[in-house]
Amino acid sequence: MPSIRLHPTSSSPSKTDTTSYPITNPLPQLLQTPSGLALLELQATINVPSTEHNEYDTTPTPQSPNGASYETPIGKLIFPDYSVLNPDDTKWMKRAYLYVGRYQRMTGEVKKLLKPIALVQKRASSSTEIEDLEVVEIIRYKIFFQESTGTCE
Amino acid sequence: MATQDARGILFTHTQHQQGFRLLELPPDLEALLTSKDAPVLELKSPSSALAQAVVDPSALEYVNLCTPTQTYRIRQVQSSNSLHILRPSPGNISQADIKVVAEEDEDSGALKIPDDAVSSIAKCGSTLELHVPPGGFSAVPFLEKSLQLYDPRSGDDEGDIMMDESSDSPVDKGPAEVRRLRDLVCADIPVCATQCEQGWVEICAFIDGKHELTCWRPSARICLNVWKRMMEGAVLQGIDLEKQFLVGDLWKSVLDDDDTPEPFPRACLEAVVRKLCTADERPALADELKWASFEKVECTRWVGETYLAAMAPTASSAIGRSDFLRAWKDCLPESWRGDAALSKLQDGSYRSPDPTTIFFVEPSQRQQSSKAATAGSAPAAKAKPTRNWHELLKNSKRN
């Protein structure tokens, strides 16, 4: 069986991105990576309406006008103690909120991974039969939300 | 403390999800991947024929991740949590949808929409962990199944080989061809290049570039024969095997003066010399072995084990211990004879059915018995064996 090649992260930005990468990354600096990718672990499942059966939205707009992929809003991420003025202070990591919809709130934190995680993806440029893989990013922190859900306000 | 904008970051789910795999990195692999000249890694599985021939008791199907010098077994570990990969979002959200998450401002009635967004572009239900089993990885069992046994027999005691027709018309295939063929063999062996090379040297595998291009592994009998011829030749030509000698001189010393055919291919002699030469003098497989010198202890051990493997490979063919020790000594240079002792042989390399006899134990048998001993104590926590990499990625893409 032929081996599959796994390329290290290339210095040029990942070609797999079909949408243009926005200039600003809203996440705290610690969670920012060169590719912009970050890891969020949820002790829960988010059920997202599928295109075929969409009970919230009847308008058939699978693609937005500019051709980019359609997004479904889930909620909001808040790092209440994070300050852009003081990014080196890591106390903010202890608290993070994920609002699901308008009223469900999950409490979580930002954790350093025991072992970093490589995000591996197929290499888009490979035209040969055997697809090459590529480490598109190495992630060292994750945003982690546990089960405990509370209703706010 | 100044706090973040209370509006937070809009969190969305991108409908067109991407396929990702999460690979946990041990420290040495992280260092390698983040180094300036990070090498391309390989995901290797054995060919189906090899997978059947070399059974791994821990996994039916597996994929190994290979750096140039290190091999890891990939194990897929399912997670009960969902792992989302986020990316700053271009914010392609319809205004109808946004009401699900945004509140209206009490005064103006306008929606309080966060300025920025991140979107989940992939969801993973598992991570890939890397492991190195206690015994490490070896290419030897795979090479033993991949390479043809070189064990030509002829009538006389010398064990000469029919190299008849081709000696007049040598077609030297050249080192590039030889290397290409070796790479082809190693492509099917699920360990890293360094371990492939170590295994190749360990079993004295060779490719005879002068004849039909085939990868061979010489039998113990042939190895012993090569050693004996080298010994005789060295004595005749006054070559001191413990000091640096030219491999070309040693080769000439084993050839008869007359036109009798070569006793074995030169590549076979070179493979044995490469195996026996002191480790720090050993060039990479791709490089020519020009100079060599032998290390007494290692050499003595190898000759003893090779003799035993050739003459008493199984319990039923066990030979007398004293006969073995005498024959072993006879295979060694005069000054080494005193070093032949059972204690010099590797642990587990021989067994004695009774106090007077001895036979050889194949390395694969040794590993099994030591594995069986450790298997009892090891926890039986086995994750689902990783399946074919192609399938792994294919499946993850559809989620």
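Now widen the selection to strand E3 of chain A (residues 71-78) and E1(B), which run antiparallel and are joined by six bridges. Strands here pair if DSSP finds at least two bridges between them. Helices (H or I, at least four residues) and strands (E, at least two) are DSSP runs, numbered from the N terminus.

A word on what you're looking at: this is a predicted model, where local features need pLDDT of at least 70 and side-chain atom pairs count only at pLDDT 80 or more, while totals for chains, interfaces and linings use all residues. Residues are numbered from 1 along each chain as its sequence is written, and chains are lettered from A and ligands numbered from 1 in the order in which they are written.

Next, colour the whole contact between the chains: 64 residues from chain A and 61 from chain B (contact means C-beta atoms, placed from the backbone, within 7 Å). On chain B's side, E5(B) gives the most, with eight residues. Helix H1 (27-34) and helix H13 (389-398) of chain B are among the elements that each supply at least two.

Last stop: helices H7 (220-237) and H9 (266-276) of chain B. Their axes (lines fitted to C-alpha atoms over the stretch in contact, with angles from 0 to 180 degrees between N-to-C directions) come within 10 Å and cross at roughly 85 degrees. So H7(B) is roughly perpendicular to H9(B), a label for 65 to 115 degrees. Show side chains for B:Trp227 and B:Met230, among the H7(B) residues that meet H9(B).

Terms used
Contact = placed C-beta atoms within 7 Å. Parallel < 35°, antiparallel > 145°, perpendicular 65-115°, else oblique.
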